[in-house]
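Here's a quick briefing to read alongside the sequence and the 3D view.

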Amino acid sequence: MRQIGKWSRLVIVTGLCVLGGCNGHSPFGIFVDSTKDCAEMLLQRDVQTVAKTREQRFLGKVPDTTARCLGGKRAESLRDGPWLDWPNYWAAGDATSLAPARLLAHAKVIGPNAHGINGALYELELQRIELIKFNLFDNNKTYEAYVTGRNGEAGPVLNTWPEMRLPQSHRDFKAVGGDQTQVCRGELIRFRTLTGSCNDIRNPLMGSTHQLFARNVEFNTTFPDLGLNETTRNRHGDRLGLLKPDPQIISRKLFTRAQPQPDRCRDGYGLPVGAQEAECEYKKAPFFNVLAAFWIQFMTHDWFSHLEEGHNRPDWMAVGCATQLVKNIEQPLSGEDIKQLGCRPDDKIDAASIAEGTEPRSFTQGGKTYLTRAPKTTANHVTAWWDASQLYGYDERSGKRVKHDPKDPAKLLLMPVREWAGEGDKLGYLPVFEPGDPINPEWSGQEATAFPDNWSIGTSFYHNVFAREHNAFVDAFRKQATRTPDGDSGLRNPANLDPNRVIRYRDVTPHELFEVARLVVAAEIAKIHTIEWTTQLLYDEPLNRGMNANWHGVFEKQEAVADALKEVVRRLDDTNDAKKANSLYAALAGGPGIFGLGNRVYEGVPLVGLLDPNKQDRWDLKNDDHINGGVNHFGSPFNFPEEFITVYRLHPLLPDLIEYREWNKEPNVIRQKIPVIETFRGKATEVMRQKGLANWALSMGRQRLGALTLQNHPQFLQNLKMPRLQSPTQQIDVAALDLIRDRERGLPRYNEFRRQYGLTQLTSFDDFVDTRVPKDSSARNEQEQLVKTLREVYGQHQCDSSKTITLARLNDNGSPINDCLGHPTGSLIDNIEDVDTVVGWLAEFRRPHGFAISETQFVVFILNASRRLFSDRFFTSSFRPEFYTTLGVEWVTNNGPGQERMEQGTPNGHVQQVSPMKRVLLRTMPELAGELQGVVNVFDPWARDRGEYYSLDWKARAGAEDDEAFANK
Ligand code: HEM
């Protein structure tokens, strides 16, 4: 265990203070605990601290004293295996994880439940700090400066990069300063620009459309199939290739949903006209609904796209269904095998687009050689910002697809398209693409919006909802303007001679109002995702606290404290020790929250004065440092890493059939089973208009989504018909394609992926089995069967302990990790190193309580979900009325117009606002008010009884006992 130095103590105490400070729990609870185990933990200095080097980092594993202190004997007994320890702490699960009353369980200051949660939060914060420290690898040629520094400044605190300047060919090159220092000003900084440029005013190109994806793993571990270095060759031998192991075999053996009645499912295409008799089995997650599945697709369309206009490189390639391993030897498939497996050798797909494929330059620093980028790079064809670009556009062509209301250009065009069944219908529906709109032929017949690819009822739903929300904001603003036409709207124009000149309500132009509404909608979406979707995806108390801390901070109701902490964080910019400053910044930011960091400035106020509620805010639109001062990129320009896309390959979330219901005709009754595929592309628009937004909300709100696990991919996606494909079948197995794309883009395989992110490696497929599940249960049996299938598909090899397979970590005794992973040399071991990352994380049967995703995916989110807030000026220092208007700031803060509204009771022990998505649904579909009354989180199945404390039970709430979904476990 590492010794605790002065600096590490500071970070620990800061982390605990910030995270544990919430809700009255003592930040120092752990330190003042009187129990024997906690005292022992402290005496032995068993407290984890921020690692100095990559090999020493925290693996989420703690010593037995810590486990006992934070989770009692149970936590200690569950420490075996590679999985995180904090999920076993007191209060980190459901009611059964709460400490027994005799242990002063509910004592707020020293109680074990508080310790368990604070301990978990501390470890999560430690992970985040180390992820920021060890996992940033930019592909846009800034990595060398990150390692070597520039002009005496250390890499991790650099905050401008020549590579982020606008090129001469850019329309705004001159406007930002041309060949001189580039700074965005005036019109360019007022709102989110179409291509995402000028978010960071000193790095105009950052996050904009067509920038390269970054990496979170060392460049020399990418593209393992190419065997570019000795360590990689040692790790995988010659066992890997684009189609090795065969991706369609993996899909058919490890991804297919078993169907007891295949002719009622028909490859996911269901039965005609939504017949009730249709049945496609899937494994369901009881605490997450289909709205949540489509929400995340809607999000990914905002954040990233490898495809440009829905296409890749027109170079048609085979996609497997050719070979399989038989007793560890690759054999061609026979016709009989193909028939039995149901795969298709004639499928083809267009190859992934590669931005750069030439050999990267290398450089040396401190005797070590580094690559300047990954061996191949790819571009993000949308803006990387959380800017609702899927609704509003990310380049000129997509921008032209967005239709303004000609009667009020501040609004999006919505049309009355159906008989009026509920209040919401009056608000209208998106129009359909017209001839002449810049689209691919396959998108015709769909609703007009910026990102139209892979359209279905789910994307149609969210695009319509947020178009209505956009217009709701415009309406509220116009109402306010009618009431107080001469009042100060809060908006300012930095392009004015006097940027601080008041803009009255009456003077706000339709263009300005449209852009303000975009800012508001984007921030609302970010808020919904952070504190509503994610807290249901990761349904337990530590994550509930953690996500709320990311957004509001832990001092939500103590504005003066939050303000003071914000200022302290802002001043960290002046700290000259780069890595320490970054770590402290990340730790402290949990205090005031990331959202709104730097949006008030108290320059000149001494530290003691920061708690004075009457101190003067000196934030000034004329000051570039104030506008941009809240962002922190931690030395590496922001874009998503390739690894982020992999962990969002969440296709198993989708059911094959949607259980269709009607809100005004007994919502407990399932009326039809509508195949998702029957809503693909233009068909979505038809059924949306036919059945109406509110009925789809109800149907998808009540239905459970698919669990992210093996043998649970939608059949319709394995058999997706796409007429654009130049192949005899014109079909593609999207599940297999997920693996192929990752291989084309050089994802490290699962075990190295985990080591790179600071997680413990697995040493055999058996490690996947959740040993907490009783040995003779059907669940355990299923897991063991799947392990056998993994072994059959990926194979085994005779290991050689002389071969070092990774540089990311060392064995506990300090020796290099070798091919035998602790097994005797020469023994037959599992090819665990070859497992595709997606397969690996789907095979993680053991998960923290309430986690719909695996811990491997989660660790990727910890880093990148924080970064996309930290890096965005509009979520930090420019979250101000000067950009959002006063109404806009209130709308985002209070989840809508007027005062904040509180939820009844104390869900999971918390007083909480009516959730932001619930408020959006109530505004856009008022007819759902009755149905939504008992809903606390829109992404929890609407008719589920949430129970007392993070229950995952599938049990009907009062009034929904007749809902047949509850008869079906
Ligand atoms: C009707 C629903 C859906 C359809 C038809 C669909 C279809 C597809 C297809 C065909 C691709 C492959 C594109 C390529 O690489 O050539 C893809 C990629 C992807 N899908 Fe889906 N998908 C659906 C739902 C979802 C959902 C619910 C998620 C959840 C997050 C999701 C996440 C992704 C991601 C992350 C990629 C990779 C995108 C990229 O490389 O930029 N999809 N999908």
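This is a predicted model: local features need pLDDT of at least 70, side-chain atom pairs count only at pLDDT 80 or more; totals for chains, interfaces and linings use all residues.

Thr-885 is tucked away: its relative accessible area is 1%, and since buried here means under 20%, Thr-885 counts as buried.

- Thr-885 has a positive phi of about 70°, even though it isn't a glycine.
- You'll find Thr-885 inside helix α29, which covers residues 881-894.
- Cys-198 is another non-glycine residue with a positive phi, this one about 65°.
- Cys-198 belongs to the loop that links α6 (143-148) and α7, and at 1% relative accessibility it counts as buried.
- Why flag these? Most residues other than glycine have a negative phi, and most peptide bonds are trans.
- On the peptide-bond side, the link from Lys-244 to Pro-245 is cis, with omega near -15°.
- Pro-245 lies in the loop between α7 (230-236) and α8 (247-255).

**A covered helix**

- How many of the residues of helix α22 are buried? The count is 10 of 10 for this helix, which spans residues 693-702.
- The buried residues of α22 include Leu-693, Trp-696, Leu-698 and Met-700.

**The ligand and its shell**

- The ligand sits in the largest cavity, with 23 residues surrounding it.
- Which residues come closest to the ligand? They are His-306, Asn-312, Asn-454, His-651 and Arg-741.
- By type, the shell around the ligand splits into 12 nonpolar, 8 polar and 3 charged residues.
- Two helices, α10 (290-303) and α24 (734-744), each provide at least two shell residues.
- Of the contributors, α10 gives the most, with 4 residues.

**Polar atoms facing the ligand**

- His-651 has a polar side-chain atom 2.9 Å from a nitrogen atom of the ligand.
- Asn-312 places a polar side-chain atom 3.0 Å from a ligand oxygen atom.
- For Asn-454, a polar side-chain atom is 3.4 Å from a nitrogen atom of the ligand.

Technical notes. Residues are numbered from 1 along each chain as its sequence is written. Side-chain values use heavy atoms; hydrogens and water are left out. A residue is near a molecule or strand if one of its heavy atoms lies within 4 Å of it. A polar contact is a pair of N or O atoms within 3.5 Å; within protein, one must be able to donate a hydrogen and the other to accept it, and residues adjacent in sequence count only if both atoms are side-chain atoms. On a 1 Å grid over the protein atoms alone, a cavity is a set of points where a 1.4 Å probe fits but cannot get out, and a pocket is an open set with protein on both sides within 12 Å along at least five of seven lines; lining residues have an atom within 4 Å of a point. A molecule sits in a cavity or pocket if more than half of its atoms lie within 2 Å of its grid points. Ala, Val, Leu, Ile, Met, Phe, Trp, Tyr, Cys and Pro count as nonpolar, Asp, Glu, Lys and Arg as charged, and the others, Gly among them, as polar. Buried means under 20% relative accessible area, exposed over 50%, partly exposed in between (1.4 Å probe, protein chains only).
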